[in-house]
Amino acid sequence: MSQFVADKLLLFGATGDLARRKLLPSLCALDADGLLPADLKIIGTARRAMDDDAYREMARAALVEFLDEARRSEMERFLARLRYQPLDATSLQG
């Protein structure tokens, strides 16, 4: 039996409340525990226009607010995994 390991994870609604309060902190904690593949890239997408750096800063603020301080040891490594692509999924152009 072969094992499939993804190298990308796509988060829709990546700037929303669920992502900020739950998804990003949970993924950061998994990363700190060594439970994410080493080469996994996390690509956030939402309608809000921003670039990778702005998304990382939004994620950093969310982690400081919602992730237990003791779990932040590997936060910078986690933030380096993040990328962002604006997308309006309600339009054909998106």
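**Reading a predicted fold, one feature at a time**

User: I see that Gly 13 touches Ala 19, Thr 45 and Ala 46, if residues up to four places away in sequence are not counted. What does contact mean here?

Analyst: Contact means heavy atoms within 4.5 Å. Before we go on: this is a predicted model, where local features need pLDDT of at least 70 and side-chain atom pairs count only at pLDDT 80 or more, while totals for chains, interfaces and linings use all residues. Residues are numbered from 1 along each chain as its sequence is written, and side-chain values use heavy atoms, with hydrogens and water left out.

User: Where is Gly 13, and how far is its C-alpha from that of Gly 34?

Analyst: Helices (H or I, at least four residues) and strands (E, at least two) are DSSP runs, numbered from the N terminus. Gly 13 sits in the loop between β1 and α1, and Gly 34 is in the loop between α1 and β2. These two glycines are 21 residues apart along the chain, with 25 Å between their C-alpha atoms. Gly 34 can also be placed relative to Glu 74: those two are 40 residues apart along the chain, with C-alpha atoms separated by 9.8 Å.

User: Is Gly 34 buried or exposed?

Analyst: Buried means under 20% relative accessible area, exposed over 50%, and partly exposed in between (1.4 Å probe, protein chains only). Gly 34 has 54% relative accessibility, so it counts as exposed. Gly 13, at 41%, counts as partly exposed.

User: How long is α2, and what span is expected?

Analyst: The expected span of a helix is 1.5 Å times one less than its number of residues. Helix α2 covers residues 52–66, which is 15 residues, and reaches 21 Å from first C-alpha to last, close to the 21 Å expected. At its start, a side-chain oxygen of Asp 51 comes to within 3.3 Å of the backbone nitrogen of Asp 53.

User: Which residues of α2 are buried, and which are exposed on the face turned away?

Analyst: The buried ones are Tyr 55, Arg 56, Met 58, Ala 59, Ala 62 and Leu 63.

User: What do the buried residues of α2 pack against?

Analyst: They pack against β1 (8–12), α1 (17–32), β2 (41–46), α3 (75–81) and β3 (82–86).

User: Which residues touch the most other members of the largest nonpolar core?

Analyst: In soluble globular proteins, nonpolar side chains tend to be buried together. A nonpolar core is a set of buried Ala, Val, Leu, Ile, Met, Phe, Trp, Tyr and Cys residues joined through side-chain atoms within 4.5 Å. The largest one here has 21 residues, and Leu 24, Tyr 55, Leu 63, Phe 78 and Leu 82 touch the most other members. At least two of its residues come from each of α1, β2, α2, α3 and β3. Beyond four places in sequence, Tyr 55 touches residues including Leu 11, Leu 24, Met 50 and Leu 82.

User: What does the side chain of Arg 81 reach?

Analyst: A polar contact is a pair of N or O atoms within 3.5 Å; within protein, one must be able to donate a hydrogen and the other to accept it, and residues adjacent in sequence count only if both atoms are side-chain atoms. Arg 81 belongs to helix α3 and is buried, with a relative accessible area of 6%. Its side chain reaches the backbone oxygen of Pro 37 at 3.0 Å. Thr 45 in strand β2 is buried at 4%, and its side chain reaches the backbone oxygen of Gln 85 at 2.7 Å.

User: Which residues does Met 75 touch?

Analyst: Met 75, in helix α3, is buried at 10%. Not counting residues up to four places away, it touches Cys 28, Arg 60, Leu 63 and Val 64. The C-alpha atoms of Met 75 and Leu 63 are separated by 8.0 Å.
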